[in-house]
Amino acid sequence: MAFSLSGIRIPASIQTVGPSSRSSINGDRKNTNLSLLKKDPLSWKIFAGKSSYDADSASTTVAASEKVLVPGGESDGFSSSTDTVERLKTTSEDSQVLEEVVGLPVEDDGKIEDEQESFTSQLAVDDVLDSVPAKTMEGDGEAEVKQRSILPPGTGQKIYEIDPLLRGFKGHLDYRYNQYRNMREQIDKFEGGLEAFSRGYEKFGFIRSQTGITYREWAPGAKFASLIGDFNNWNPNADIMTRNEFGVWEIFLPNNADGSPPIPHGSRVKIHMDTPSGFKDSIPAWIKFSVQAPGEIPYNGIYYDPPEEEKYVFEHPQPKRPKSLRIYESHVGMSSPEPKINTYVAFRDDVLPRIKKLGYNAVQIMAIQEHSYYGSFGYHVTNFFASSSRFGTPDELKSLIDKAHELGILVLMDIVHSHASNNVLDGLNMFDGTDGHYFHSGSRGHHWLWDSRLFNYGSWEVLRFLLSNARWWLDEYKFDGFRFDGVTSMMYTHHGLQVGFTGNYNEYFGLATDVDAVVYLMLVNDLIHGLFPEAVTVGEDVSGMPTFCIPVQDGGVGFDYRLHMAVADKWIEILKQKDEDWKMGDIVYTLTNRRWGEKCVAYAESHDQALVGDKTIAFWLMDKDMYEFMAVDKPSTPRIDRGISLHKMIRLVTMGLGGEGYLNFMGNEFGHPEWVDFPRGEQRLPNGTVIPGNNNSYDKCRRRFDLGDANYLRYHGMQEFDQAMQHLEEAYGVVLDSDDKLFGGFGRLDPSAEYFSTEGWYDNRPHSLLIYAPCRTAVVYAPVD
């Protein structure tokens, strides 16, 4: 197959960076007849499939550990802010590495006593090996039991075979892997394994049993705690909780005399505490649902336990992981053409069929975790286990996911484990009245740019909370994977702020690396890929951290894909230049400049570029002309003609060369004319500065899908092109011409024309072909018999 951009003569194969850096458009070096065919269901395999090496991990499934239950002793399991280096037992070899890497001497405090146990170990009398049977629904509706296991740690040494340059940083990387391996050992020893450790939602929060409801909360800073809510008229003295030596508060409420639960489904609940910061009422940290009553500012936790007949039951099997991802990035609330907050049900019924028709095989949904401030785009999470109540109930979200599975669409959740809202009323901040409960204390626990709190990934209970949170969404809601937000901020103590990453390995492996955070990422990838083998993990990392998408057993961080964030920045840089200053070599280099063997998801633009204060590619190209000259029955302008042509070309070349996956933010496929601006009021800062609002308007917080559907507007042609581009990638049958009149082009190419490759060296290739390439046109050619 050959690929052409106007003015460029490209041989039948394209050279990309690295020995296996394969683009979506692969060359055929044989003397082949090429034809530009008409459109039917289209597709050539656009993206590379598997990475080019095999993991060191064992081919057989092995349980990581046996459950350990020992009587008596003390445990650090509930320390509020324990550093990993202090907590884990350190061998003399590890100590030497630690001194070398961190620059701090490490004393051997002795091994952790065998008789130690954590609070959860006392409860986990039914815990089993680090593997569980999983029921997976087959197409005929019958269930097949399959074994899911978390692989034990490997050697962590294969990264040096994949990239020999990493040997220069072996001290840091081996220390990192030893910390990961030690953490796995400690979890095996004191929690019965990672599988049991990640089921914290079965121990904490509200647990329903046949005899009543148990509520537990980790709040070591609290001096007094009681459960309050509608069920006891908010009386702080009615249901007083007891505290154990690990800082876990607990209460058991027996069923009512008639056998009904002591807390009715749908009623409001909070925990009342006497803390070092005073008395406070907080939403339980493990709450599964929370709502904001009309006219009120604080949220309330909701005890969500509907009767069995009202619970949603999944009907459709989860789709298999595709060889290449085509992700439709979306936000439920702004997915309506109307200026309002949309619902899970409306998204299920109206938007999912659109995504299917467009040809995407995955939908990435933002803002699922509950967030008090709508304008945060869902990134300032307050309640990590609760689905956002703005859009509907948990069961309605489940019906959305089940419908996507029926359509063969994967559902990825945009999960936020990189930081949390600093909201004290509704969230985790100062939950037990202390600064260092779930987060680092002091300045290290605050993100100065995002105005949010930063987790202490070296804390045992924070690990339990976050690992259980990831598993909860996969287990309970059947999400098919995650896009982890803000991973760069996690991996470095400088959070990637005011730092320019040049690719020098010293920038990745040194004192600025937060090893605790990297170990957490390794653990969560271990957990996800072990218990949910078809699940997909995508990490948002702008730094280019080496080993990011290499399996944990081989020494990597374990993600399946990295977001190729440099591509969108490059397009914005280029769009500020004159056409004659665009350098194709520079564009192709940026698109193909990625680490060998580590897969990327490429995108020309995402939600970041759609936000108010920034510009989408369509707006950069066509600006205010979009408001007056998009009707097909009226004359166009040179700016519109240029803009539509380049919009299509940019997306095609990005999809073709940018990575092994592709992402598009909803509406941008047809060049959505408006930016995204959440409803907000005027703000007055303490220093007197006034930040103007938008009168709490929803006008710019919606997606005008009607524009892309209207065949009398030029947006329609852009949408048709994106749809054809997605289907082209799905199943090869028909090739693509961005200048086709169906796509708003001028129809300057004859689809019946045939092109023949010729022998003779050109650009170090044995065969090449000549094509007719009109200006601002992208064409995909395919070989024919």
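This is a predicted model: local features need pLDDT of at least 70, side-chain atom pairs count only at pLDDT 80 or more; totals for chains, interfaces and linings use all residues.
Residues are numbered from 1 along each chain as its sequence is written, and side-chain values use heavy atoms, with hydrogens and water left out.

**View 1. Packing of helix H5 (residues 170-191) against helix H9 (residues 460-476).** The axes lie 13 Å apart at an angle of about 85°, which makes H5 roughly perpendicular to H9 (65 to 115 degrees). Met183, Gln186, Ile187, Phe190 and Glu191 of H5 form the contact (heavy atoms within 4.5 Å) with Trp460, Leu463 and Arg464 of H9.

**View 2. Crossing of helix H13 (residues 584-592) and helix H16 (residues 638-657).** From H13, Val588, Leu591 and Thr592 meet Val653, Thr654 and Leu657 of H16.

**View 3. The largest nonpolar core, with 171 residues.** Such a core joins buried Ala, Val, Leu, Ile, Met, Phe, Trp, Tyr and Cys residues through side-chain atoms within 4.5 Å, buried being under 20% relative accessible area with a 1.4 Å probe, protein chains only. Tyr438, Phe455, Trp473 and Phe479 touch the most other members. Helix H11 (residues 515-531) gives the most to this core, with 12 residues.

**View 4. A second, separate core of 14 residues.** Its members include Leu325, Val538, Met565 and Val601.

Methods. Axes are lines fitted to C-alpha atoms, for helices over the stretch in contact, and angles run from 0 to 180 degrees between N-to-C directions. Helices (H or I, at least four residues) and strands (E, at least two) are DSSP runs, numbered from the N terminus. Angles under 35 degrees count as roughly parallel, over 145 as roughly antiparallel, 65 to 115 as roughly perpendicular and the rest as oblique. Buried means under 20% relative accessible area, exposed over 50%, partly exposed in between (1.4 Å probe, protein chains only).
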